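Keep the view open while you read.

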Amino acid sequence: MKITLNNREESFDNDTITVADLLKEKNFTFKMLVIKINGKLIKKEFYSSTLINENDNVLVLHLISGG
Amino acid sequence: MLEKIYKILKDKTVGIAGIGGLGSNCAVSLARSGIGNIIIVDFDVVDKTNLNRQYFFYNQIGEKKVFALKKNIKKFNPEINVQALDVKLNKLNIVEIFKNCDIIVEAFDNAEMKQMLIETVLLAMPEKYIVSGSGIAGWGRNNIIKTIQYDNLFICGDGVSEVSESLPALCPRVAVVANMQANQVLEILLENLLHNEEK
């Protein structure tokens, strides 16, 4: 399937993956993330149960300490 | 043109969450630009170790940051309305404090607080603009600092440099990102000005 991840097109072998799988596959190791799928905020406790499907627009942004 | 800019900005309200290195420098830049109403929120006091990058002075050590910064802003722009709130922001008070702001500047130090503010605003006030700072530590590497936009959320910084023992926060890079945040605020608030000029 194809999705848009952070404004870029990405392809995956599977037809659907969970948010947790996506983070693993794309090596998002930062702890503080904000994730939106098609504009809807996904909270951390739902990363393992939320599915990403074909053509979804996924935003994963990480936040870093310092200010 | 400057008159037109001031006329627009004097009726705008910008909220700044945290006034450390990012927030204090951003607030000063916005106040100099003529934003009419600025809400600054922080619960911390000025410490000697803040003076390498934050907009405070030696004789303000020990003062509450919000009241010290308000005084500093009033010195160069006495007409601006600065609301100084000595409050620790949390999920419950964020909406009430920032609901009338045109834009919220996220300027916390801590990544957990950054996430908390962004999530809270996205859930409760999804139409609100947020300009956040992430990745400011160290020195040099000018050209990896950037702004990324996702809907109404803008993130300024390099996205990789976390503050640590070996990579401290230093004035130039923090102030660069703080001013990128201020610059992004102006871009959002003055968008219609450019459109009207083109007509």
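The paragraphs below go from the contact between the chains to single residues and then to the cores.

Bear in mind that this is a predicted model. Start where chain A meets chain B. Chain A brings 18 residues to the contact, and chain B brings 31 residues. In general, the size of an interface is often expressed as the accessible area that is lost when the parts come together. Here, the area buried between chain A and chain B is about 2,100 Å². Carbon and sulfur atoms give 60% of that area. On the chain A side, three residues lose the most area to chain B: A:Leu63, A:Ile64 and A:Gly67. Together they make up 31% of what that side buries.

Now look at the polar side of this contact. There are 11 residue pairs in polar contact between chain A and chain B, counting pairs with both residues at pLDDT 80 or more. Two salt bridges also link chain A and chain B. One salt bridge joins the side chains of A:Lys36 and B:Asp151, at 3.1 Å from N to O. Several strands of chain A take part in the contact. Strands β4 (33–37), β5 (40–42) and β7 (57–62) of chain A each supply at least two residues to the side that touches chain B. What kinds of residues make up the side of chain A that touches chain B? They divide into 10 nonpolar, six polar and two charged.

Stay with B:Asp151 for a moment. B:Asp151 sits in the loop between β6 (146–150) and β7 (153–157) of chain B. Its phi is near 55°, a positive value in a residue other than glycine. Chain A has a residue with positive phi as well. A:Asn6 has a phi near 50°, and A:Asn6 is not a glycine. A:Asn6 lies in the loop between β1 (2–5) and β2 (8–11) of chain A. A:Asn6 counts as partly exposed because its relative accessible area is 22%, which falls between the 20% and 50% limits.

Next, move to B:Ile80. Where in chain B is B:Ile80 found? The place is the loop between α3 (65–76) and β3 (81–85). B:Ile80 counts as buried because its relative accessibility is 3%, and the limit is under 20%. Beyond residues up to four places away in sequence, B:Ile80 touches B:Ala31, B:Ile35, B:Gly36, B:Ile38, B:Ile73 and B:Lys74. B:Lys70 is 10 residues from B:Ile80 in sequence, and their C-alpha atoms are 9.8 Å apart.

A charged residue can be buried too, as B:Glu106 shows. B:Glu106 belongs to strand β4 (residues 103–106) of chain B. With a relative accessibility of 0%, B:Glu106 counts as buried. Neighbours within four places in sequence aside, the contacts of B:Glu106 include B:Ala17, B:Lys114, B:Ser132 and B:Gln181.

Finish with the cores. The largest nonpolar core has 42 residues. Within it, B:Ile16, B:Leu30 and B:Ile40 touch the most other members. Helix α6 (residues 171–189) of chain B gives the largest share of this core, eight residues. Take B:Ile40 as a way in. Apart from neighbours within four places in sequence, B:Ile40 is in contact with residues including B:Ile16, B:Ile19, B:Val66, B:Leu69 and B:Val82. There is also a second, separate core, with 29 residues. Among its members are A:Leu59, B:Ala111, B:Ile118 and B:Met125.

Methods
Residues numbered from 1 in each chain as written. Chains lettered and ligands numbered in written order. Predicted model: local features only at pLDDT ≥ 70, side-chain atom pairs only at ≥ 80, totals over all residues. Heavy atoms only, no water. Contact = heavy atoms within 4.5 Å. Buried area = accessible area lost by both parts, 1.4 Å probe. Salt bridge = Lys/Arg side-chain N within 4 Å of Asp/Glu carboxyl O. Polar contact = N/O pair within 3.5 Å; in protein donor to acceptor, adjacent residues only side chain to side chain. Helix = DSSP H or I, 4+ residues; strand = E, 2+ residues; numbered from the N terminus. Buried < 20%, exposed > 50% of the residue type's maximum accessible area, 1.4 Å probe, protein only. Core = buried A, V, L, I, M, F, W, Y, C linked by side-chain atoms within 4.5 Å.
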